[in-house]
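Please read this briefing alongside the sequence and the structure shown below. It begins with the secondary structure and then turns to the sheet, the packing and the surface.

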Amino acid sequence: MCGGCRGLQRNTPQAVRDSSDLTAVTAAGPLRPGGHTLAAWDYRRPGTLVPLGPSPGEPLFAGSAPGPSPRPLGPLVPWKMERMVVRMQDPDQGVRTRSQRLLITVIPHAVTGSDVVEWLVRKLCISEEEALHLGSLLAQHGYIYPLREPRSLALRPDETPYRFQTPYFWTSTLWPAAELDYAIYLTKKNIQRQGALVTHEKEHYDQLHKKINHTWDLVVMQAREQLRAAKQRRKGDRLVIACQEQTYWLVNRPPPGVPNVLEQGPERGSNNANQVQMSQSLDFYKREIEWSRKALGRTRVKSSICLEAFLTFSHQRGPHDPILAGCLPSNPWVTDDDAYWAMNAPTVAMPTKLRVERWGFSFRELLDDPMGRAHFMDFLQKEFSAENLSFWEACEELRFGGQAQIPTLVDTVYQQFLAPGAAHWVNIDSRTMERTLEGLHQPHRYVLDDAQLHIYMLMKKDSYPRFMKSDMYQGLLAEAVIPLETKRRVFPFMRKPRLSSPSPALPPTSGEPSAAGSAAGGDEES
Amino acid sequence: MAREECKAMLDALNKTTACYHHLVLTVGGSADSQNLREELQKTRQKARELAVTTGARLTVALRNRGLAAEDRAEFERLWVAFSGCLDILEADMQRALALGAAFPLHTPLRPLVRTGVTGDSSRVAARALSARSLSHQAERDFDVSDLKELEREVLQVGEMINDMEMKVNVPRWTVQAQQTAGAELLSSNSMGASSVGAVSVEEPSRSCNPSKALAATLFSAVLLAAVALALSVVKL
C-alpha cells in the first residue's frame, strides 16, 4: 500500500498510466476524448485533473491549465501565493488563529490582519510595507477574505478579522468560473435576499437570463437544491461557506469600479521575455562578449554634432514641406483641386520654383528628380562629359534590374563605356579599372560598384558645382513658376460643383465629353 | 407517464448533484476527513446510477420519432437540464479528484487549510442518498483507493455524456425554459426568510431601514398633527 501511495505522490502521471483507458486523463487538453459536439455549448470546460505529486515546496495545482486556451500567467504566478497560504496553515509555524464570536455561534480559524503582516515579516524577512503589500495581494486574489466588510477585499494591518478561502475556490487552480455557476449563485442570492440584489448583480442576472435561457430550469432547480443542502449544516458552517462563495464571485466577477485582478494586461501577458535563464552556456557568454566588443568599436557621432546637422536640415527643408509651409496653389485634400499634383508631376513643362531650388541642396536631390536629371544631362552634353551620367545610369540599371539581364547588360556597358576605344569611354583611374575588368569575368549585380562610385564622386565634385553656377540653371530658376494660391471663397458653404470621376467599371473611352457632362450634372444638383 | 417519471428522476439527480457540489466545497479545508471522502464516494455513485437511468429513459423518449410536438419540447427541456446537470457533476468530480490528490489525508504532507468549517457533513450526504441518517466510519487509507476509482468514474461520465450527445441531437437554441427570471422567488418564501435571518448576522441587509425610517417619520408627523389639533381644540 505504501509503495502504491508513494507512486501516487511522486509521479502521479506514471501511476495513472497503468491502465490504458486512463491515458486520456493525463493529457493537458480538454477531457472529452476525441471530437465532441459540445464544444460550443460547453459552459464548464474543465481543467486537467492531475496535479504534480505533492512534495513540499512544489505547487499544488501547477500544470492544471486547460489545453485550448491557457490563461496567461503574469509575473505574479498565482501558485506562489498558494504556497504561501499553505505555509501559513502550519499548526506550529503558521499564523495564529483565534475564534470569531457571533452572538451564539463561535467560528474558529479567524486571523487578524496584523497577525498576517507580522507572520510575513517574520517568515520572509521583509519590511512591513512589503508584507502589507503581499498581504493585500493575497486578499485581492481571494485567498483570505475579511469578515466584517465582505465586499472590500483589502488587507488592514489591525484587528480586523480574516479567514482563509477553501481550496475549491482558489484562483491558482485556474478552473474557469462558468456562466452557469454564476447564474446559480445569483439565483441563490436572489432567493435569500427576496429579490434585493445589488444593481450590477441585477444587471448580470438579467443578462444571464437572456444568454443561457435554455438552461434556466436547471439554474433554478440547482439553486434551490444547493440552498436546501446547505441547510443540513450547522449555522456556523453555513455562514462560512456562504462567505467563501461570495468572496469567490467578488474576485471572479468584480463589481464595477473594482479592477479585475485576474486580467492580464497586454504587457504582462508576454511572459516569454521575462523567463530569463539564470545560468547560460559558455557559448552564450562568448557571443555576448563578442557583441559587446563590436558595439564598443562602432563609430558614434556626438549628439551635439548630429543635432546641429538636424537643425540645418530642418531649416533648409522647412519651406519645402507642404504641411509645415502650406502648399500652393491649394491642398488637394482640402479643396478637391488637384492642381498641386498636376504641377508637381515627375515630368512637367514648367517646374515650380521650390522644385528647382531643391536641386541645389545636394547632388542626390538633383539626380533623383527626373527633370533635374534631364537638365543636368543637357548641361553635361554642352560640356562634353555626358558619358559620365550615362554610365552612372547604366550602372543603376544593372544594380536594380532583373537577374536574367545582368550578363547582357554588363556586356553592353563594357562595350559602350569601358572597352579601350569605346564610343563613350569614361575616365576611371587605373586601379579601379583593373579591378572592374577582373570582376567582369564573373558578372554580378554589384560588379560595377567601384567604378560607379568613382564617376559619381567625379560628377559631384566637378560637374555639379559648375551646373549650379551655370547660366542654364540660373535661367531655370528665373523661369520657374510660383503657383498662385486659389482665392478663398467668401461663402465657404457654397460647394464647388464636383467633377465626378468616371466610373471605374466603364472603360475610359471619352475623357472630355464625360467630364463636361458630369460638371453640368453637378451644377444641376447643387 | 414517462414525462413525470423523467422529471422525478431528474429532480433526484439534481438533488444529488447539489449535495455533491456542497460536499466537494469542503475538500482540503478543515472539515476534510476520511469520512468526508467516503460520503463523496457514496454520493457520486448514487448520482451516477441516477444519471445512467435518467439518460437511458430520456434517450429512449427522444429517439422515438412519433412524439407529439409539445411532448418533444418538454423532453428537450428535460434533456437540456439533464445534460447541464451532468456537466456540473463531471466538473465537480474532476475538481474533487484534483483536490483529493493535492490534499492527501493518510500521510499529511501538507496541513489542511483552516477554513473555519468544522462541522459534520453526514446530514448533507444523507439527504443526497435519500436516507434518514448516515453513520459510518471510513477506514484509514480510504482516500488513496478512492482516487483511482474516481479517475475511472470521471472518464466514464465523460464517455456517457459523449454517447448521449451522439445519440440525441437537441439544438440548444430552440429550447425555451419554463422558468422566468425571478421564478425562484415565488415559491420559496419560507426558505428565504430563515436564510435571510442566518446571513444577516454577517451582512445586515439594508433594505428594511429606509422603509422603516419613512414609516416612522410619517407616523410622527401624523402624531404631531393630532397633538396640534387637540391643543387647538383645548384652546378653543
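Chain A has 25 helices and four strands, where helices (H or I, at least four residues) and strands (E, at least two) are DSSP runs numbered from the N terminus. This is a predicted model, in which local features need pLDDT of at least 70 and side-chain atom pairs count only at pLDDT 80 or more, while totals for chains, interfaces and linings use all residues. Residues are numbered from 1 along each chain as its sequence is written, chains are lettered from A and ligands numbered from 1 in the order in which they are written, and side-chain values use heavy atoms, with hydrogens and water left out.

**The sheet**
- The four strands of chain A form an open sheet in the order 1-2-4-3 with antiparallel pairing, two strands being paired if DSSP finds at least two bridges between them.
- Strand 1 (98-102) and strand 3 (144-146) of chain A are the edge strands, each pairing on one side only.
- Strand 3 of chain A is joined by three bridges to strand 4 (residues 161-164) of chain A, and these two run antiparallel; here Ile144(A) stands opposite Phe164(A).

**The helix across the sheet**
- Helix 10 (residues 235-252) of chain A lies across strand 1, strand 2 (105-112), strand 3 and strand 4 of chain A.

**Burial and surface**
- Of the 526 residues in chain A, 41% are buried, meaning under 20% relative accessible area with a 1.4 Å probe, protein chains only.
- Chain A exposes about 30200 Å², of which carbon and sulfur atoms supply 57%, as calculated by the Shrake-Rupley method with a 1.4 Å probe.

Definitions and conventions: Contact means heavy atoms within 4.5 Å. Axes are lines fitted to C-alpha atoms, for helices over the stretch in contact, and angles run from 0 to 180 degrees between N-to-C directions. Buried means under 20% relative accessible area, exposed over 50%, partly exposed in between (1.4 Å probe, protein chains only).
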